[in-house]
Amino acid sequence: MITILAWLMIIVFLALVMTKKLHPFTALISVPLVFSLIGVFTGVMKEPIAKYLEKDAADALSIGDQIVALGKMSQDGLVKSSKTAFMLLFAILFFSIMLNAGLFDPIVNTVIRVAGGDPVKVLVGTAIVAAAVSLNGDGTTTTLICCTAFIPIYKKLNIKMLYLGVLIILMNTIMNLLPWGGPTARAMAVMEVEGGPVLAALAPGMVVSVIYMLGVAFYLGLKERKRVGIQKLSASELAQTTQSDPEVEALKRPKLIWFNAILTIGTVVLLVMDKLPSSFLFLVALVIGLMVNYRKIKDQKNRIQDNAGDALQVVILVIGAGMFSGLFGNTGMSDALAHSMVSALPTSLGRWWGLVTAIVSAPGTFFLSNDAYYYGILPVFAEAGAKYGYSALNMTVASLLGQAFHLLSPLVAFIYLLLNMTGLEMGEWQKESAKWALGIFVIMVAVAAITGACPLFI
């Protein structure tokens, strides 16, 4: 009965999120709570709740006692997800402050000047800028900055806008795997792993994938150079492409560019070294960045207020995931679901659970939202993987390898901004992007296997 209840809960959760009947946050809270209460009132959760409360006699538990236990289970989940929530809050705010201060402006401006009228340099420059700006883990910001910077020059040189859309989205796909990016943050919250080890495990594949995408940009640039040739742009024409809104310019701190660069690089290096908690690192970096770049209290308040919305949208989902995991795990539903899956699989397939998880994550994260996949599907695969000898870190990495295709999904909101700004048709853009995304997927899987971050089989 508890297995049926668990499957029904997952199906209802996915249906509500996919059909957009409920916001992911409200679904994460309400669905497990409702199904846990159903389990309490039908009596099927007496045994797991008694085990959780360390009680010998399950029959002695009243319905009131079980409902109180659900509150404690939820609290346990919230406590476990709090580290990830804090890290995300400070990381998103920190990178948003760095963007406000203009940390990435020199990269954008230099690339545009160096590229001149050469399509090869323009496309390679697009890839470099998209990767740099994607460090904050926000696809909307990356789209706005890259499109604003490059659309004028693409039009001026008659370069295919399709290639701009492809390079922006695939570079963002790679950089979105950073611990403060959406999918990785969700996987970390569910699997209860720290950002440092996850970044260390994913970094080699990300580096190779970035190099691969630079090669793709070079190849596409050669095609465009052959088609449209190399054009000469005047200094005034180049200057027009780097102009920005006066209000945005007022926030920039060009004199502090080297300080901000050292602060950002130092923070990321310390994060990879995993000597200090990630939330502490970003908290300290955020405070230093605020005090140095915006010394007036009013300015600091405005920067936090203007950037808090993006951070809150992610953080509340992690908090919701904590309650989901607390109820799903402690009520016995997670174990029941995992056991039902494992029993349905051939024993020989279990040794390949890392590869199975990686392959399933590709269509899984395309057809499902990140919330639905990581909060609804990953816990089931993780439970099964643990029985075959895969660690929490292994399963976290495996579940993220299919992200190469996620941002091509119509479920991703900011791609409509990209398509609108570039004037692209979704089908054509998806087809061209998927061709190169396959290379990213193969690279990530191969490198994860070679480095041992996620063994394909045990």
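Predicted model: local features only at pLDDT ≥ 70, side-chain atom pairs only at ≥ 80, totals over all residues.

Reader: Where is His406 placed?

Author: Helices (H or I, at least four residues) and strands (E, at least two) are DSSP runs, numbered from the N terminus. In this case, His406 sits in the loop between α20 (392-400) and α21 (414-422). Residues are numbered from 1 along each chain as its sequence is written, and side-chain values use heavy atoms, with hydrogens and water left out.

Reader: Is His406 buried or exposed?

Author: Buried means under 20% relative accessible area, exposed over 50%, and partly exposed in between (1.4 Å probe, protein chains only). His406 has 5% relative accessibility, so it counts as buried.

Reader: Which residues is His406 in contact with?

Author: Contact means heavy atoms within 4.5 Å. Setting aside neighbours within four places in sequence, His406 is in contact with Thr365, Leu368, Ser369, Asn370 and Val412.

Reader: And what does Gln403 touch?

Author: Gln403 also has its place in the loop between α20 and α21. Its relative accessibility is 3%, so Gln403 is buried. Not counting residues up to four places away in sequence, Gln403 touches Thr173, Leu177, Pro183, Thr365, Asn370 and Tyr374.

Reader: How do I read a pair that is separated in sequence? What is the distance between Phe13 and Ser30 in space?

Author: Look at the separation in sequence and the C-alpha to C-alpha distance together. Phe13 and Ser30 are 17 residues apart in sequence and 9.3 Å apart in space. Phe13 belongs to helix α1 (residues 2-18), and it is buried, with a relative accessible area of 0%. Beyond residues up to four places away, Phe13 touches Ala27, Leu28, Val31, Phe324, Asp371, Ala372, Tyr375 and Gly376.

Reader: Which residues of α2 are buried?

Author: They are Pro24, Ala27, Leu28, Val31, Pro32, Phe35, Ser36, Gly39 and Val40. Ala27, Leu28 and Val31 from that list are also touched by Phe13.

Reader: What length does α2 reach?

Author: The expected span of a helix is 1.5 Å times one less than its number of residues. Helix α2 (residues 24-42) has 19 residues and reaches 27 Å from its first C-alpha to its last, close to the 27 Å expected.

Reader: How far is Met323 from Pro32?

Author: Met323 and Pro32 are 291 residues apart in sequence, and their C-alpha atoms are 8.3 Å apart in space. Met323 is found in helix α15 (residues 297-330) and counts as buried at 12% relative accessibility. Its contacts, leaving aside neighbours within four places in sequence, are Ile29, Leu33, Ser74, Gly77 and Leu78.

Reader: What follows α2, and which residue comes just after α3?

Author: Gly43 follows α2, with a positive phi near 85 degrees. Just after α3 comes Glu54, with a positive phi of about 60 degrees. Within helix α3 (residues 46-53), the buried residues are Pro48, Ile49 and Ala50.

Reader: Stepping back, how many helices and strands does the chain have?

Author: The chain has 22 helices and zero strands. Buried residues make up 53% of its 458 residues. Of the contacts with a separation of 6 or more, 81% are between residues 24 or more positions apart. The C-alpha trace spans about 85 × 55 × 40 Å along its principal axes.
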